[in-house]
Amino acid sequence: MPELPEVETVVRSLQSVAGRRIQNIEVRQKRILRGKLDAASGKRIASIRRRGKFIVFHLDEGHLLVHLGMTGKLLLDGEITKHTHAIFTLDRGVILYTDSRQFGRIEYARGLPARVESLGPEPLEIGFDGFHTALHARKTQIKALLLNQRFLAGIGNIYADEALFRAGIHPRANASKISKVRSQKLHAAVQQVLTEAIAAKGSSISDYVDSEGRKGSFQHQHLVYQRTGEPCSQCGAAIRRTLVAQRGTHFCPQCQKR
DNA sequence: GACGATGTTGGCAC
DNA sequence: GGTGCCAACATCGT
């Protein structure tokens, strides 16, 4: 579910808790923890930001990091279910962490841990020169590279497929052999698709919602993702699905030649 | 009921 | 550094 636009939407919908204090943390399923959260109790939330797909609560001391995995949700004052694994009681209201597949993780850290520090640049901030240089240095398949969080932070399966389609690049293309012109198209496509997706408050493929329980609408603007067999919006050819880097990959065989 | 697919990451072997 | 495979888990569609 949650890639950069979805995480950004969640972070924006959480801004109302800035300034509140965490009074108590109840963990019901330890699997979703990395280390202990005890030290976060009693701390005040100074600000909430996004880095890649991580939600970062800056506390008056240290950080609370939340990664939503595939099905994680942070809900403000929502309903407690069998998939609610952590309950943050604030001085006003509660935040629930709910995650059916339990691939998400929560951790407390004084400084930002290496897994956050080693993330690649933000795709909406990187300029073309930096993007092109990094692209050219890699010999891997372009889709695998887009999914690599140390290359760019925040792109996942949906937006990789959508950006490659919009740039007319085959998902298996060798990154180092992409021409400057196509690299420019890709850089623009990545920024455009992410910007439009944020404006639509993300893609709700199965059950993604923001912290107020609202769905996104960008799934209606997907041109290839999960549109296998449907006609391409550009040329009418049937959209195909294949595996690239072990991930389901959707592309137009006409518009995205190797 | 079986089987395969699903938005993510991390570990391991090579 | 890169690739390929598997693992974690629950749910949904065929």
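**Exercise 1. Find which residues surround DNA strand C.**

Solution. DNA strand C is surrounded by R31, K82, H83, S100, R101, Q102, F103, R138, T140, Q141 and Q246. A residue is near a strand if one of its heavy atoms lies within 4 Å of it. This is a predicted model, in which local features need pLDDT of at least 70, side-chain atom pairs count only at pLDDT 80 or more, and totals for chains, interfaces and linings use all residues. Residues are numbered from 1 along each chain as its sequence is written, chains are lettered from A and ligands numbered from 1 in the order in which they are written, and side-chain values use heavy atoms, with hydrogens and water left out.

Next, sort the residues by class. The surface near DNA strand C has one nonpolar, six polar and four charged residues. Here Ala, Val, Leu, Ile, Met, Phe, Trp, Tyr, Cys and Pro count as nonpolar, Asp, Glu, Lys and Arg as charged, and the others, Gly among them, as polar.

**Exercise 2. Determine which part of DNA strand C faces the protein.**

Solution. Then look at phosphate oxygens. A polar side-chain atom of R31 lies 2.4 Å from one. For R138 the distance is 2.5 Å. For T140 it is 2.5 Å. A polar contact is a pair of N or O atoms within 3.5 Å.

**Exercise 3. Work out the strand order of the four-stranded open sheet, and its edges.**

Solution. The order is β1-β7-β8-β6, with antiparallel pairing. β1 (22-27) and β6 (72-76) each have a single partner strand, so one side of each lacks a neighbour in the sheet. Neighbouring strands are turned by 15° against each other on average, direction ignored. Strands are DSSP runs (E, at least two residues), numbered from the N terminus. Two strands pair if DSSP finds at least two bridges between them.

Now follow one pair. β6 and β8 (residues 94-99) are antiparallel over five bridges. L74 stands opposite Y97 in β8.

**Exercise 4. Locate the largest cavity and describe its lining.**

Solution. A search of the whole structure finds one cavity of 30 Å³ or more. The largest cavity has a volume of about 60 Å³. A cavity is a set of points on a 1 Å grid over the protein atoms alone where a 1.4 Å probe fits but cannot get out; lining residues have an atom within 4 Å of a point.

The lining consists of I22, I45, F57, L64, V66, L74, F88, L90 and I95. By class, that is nine nonpolar, no polar and no charged.

Key:
Polar contact = N/O pair within 3.5 Å; in protein donor to acceptor, adjacent residues only side chain to side chain. Axes fitted to C-alpha atoms, helices over the stretch in contact; angles between N-to-C directions. 1 Å grid on protein atoms, 1.4 Å probe; cavity = no way out; pocket = protein on both sides within 12 Å on 5 of 7 lines; lining within 4 Å. Points joined across faces, edges and corners; volume = space filled by probe spheres on them.
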